[in-house]
Amino acid sequence: AGGEGMVRREGRHALFESSDARVPLIRIRAESRAELEEKRIVVVVDGWTVGEPFPHGHYVRALGDKGGKEAESMALLMQFDIPFYPFSDAVTACLPDMPWTISESDRRERRDLRSLPVCSIDPPGCTDIDDALHVRRLKNGNYEVGVHIADVTHFVKPGSAMDEEAASRCTSVYLADRRIDMLPPLLGTNLCSLRSGVERFAFSCVWELDG
């Protein structure tokens, strides 16, 4: 146990204050206390002596200067236990070979919606477009509305290393200066992104509304 946070001096020791409010103050021995006061640091708890007001621990490393973009981003990732390590070889081995194309069997099994005026509501420059929609007027005066969601299940098979990794990550995480992907970029920003002008698989829900 421990975590990341900041320190303040207390005699020969320093008190570490975690970003996680559930973690008590931790007394650490640090030679460069003044220097650490300006840093976001990582600390590990070593024990808690009976009768002592605080547990004791040791300094592991500094994340960077307090208020700095890199340090604060790393602090958020650690505070909320967000996985940000590279994808393993087992996960990347699940990716399809490139260049990827739609097979004839896939074409026969799916409904072709490429003629519809499908658009995304994502802002310009967005690369992970996982949903889109279309609306068109029908001859009977009603409206046809469709919502289209990128079909990730075509590439992520149940029980695979990629499936387990995606389940562990749960979602992509967006910070001010970076994105932590739930899936490798080949899927998240390419094959499972409903980009304009390329063929992609989707789950679609289409219904008719009174005009």
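1. The whole structure was searched, and zero disulfides were found, a disulfide being a pair of cysteine sulfur atoms within 2.5 Å. Cys119 takes part in no disulfide, and its nearest cysteine sulfur, that of Cys126, is 13 Å away. The model is predicted: local features need pLDDT of at least 70, side-chain atom pairs count only at pLDDT 80 or more, and totals for chains, interfaces and linings use all residues. Residues are numbered from 1 along each chain as its sequence is written, and side-chain values use heavy atoms, with hydrogens and water left out.

2. Cys119 is partly exposed because its relative accessibility is 41%; buried means under 20% relative accessible area, exposed over 50%, and partly exposed in between (1.4 Å probe, protein chains only). Cys192 is buried, at 5% relative accessible area. The closest cysteine sulfur to that of Cys192 belongs to Cys94 and is 13 Å away, too far for a bond.

3. Leu116 is located in the loop between helix 4 (104–109) and strand 6; helices (H or I, at least four residues) and strands (E, at least two) are DSSP runs, numbered from the N terminus. With a relative accessible area of 12%, Leu116 is buried.

4. Which residues does Leu116 touch, not counting residues up to four places away in sequence? They are His134, Arg136 and Glu144, where contact means heavy atoms within 4.5 Å. Leu116 and Arg136 are 20 residues apart in sequence, and their C-alpha atoms are 8.3 Å apart.

5. Ile149 lies in strand 7 and is partly exposed, at 37% relative accessibility.
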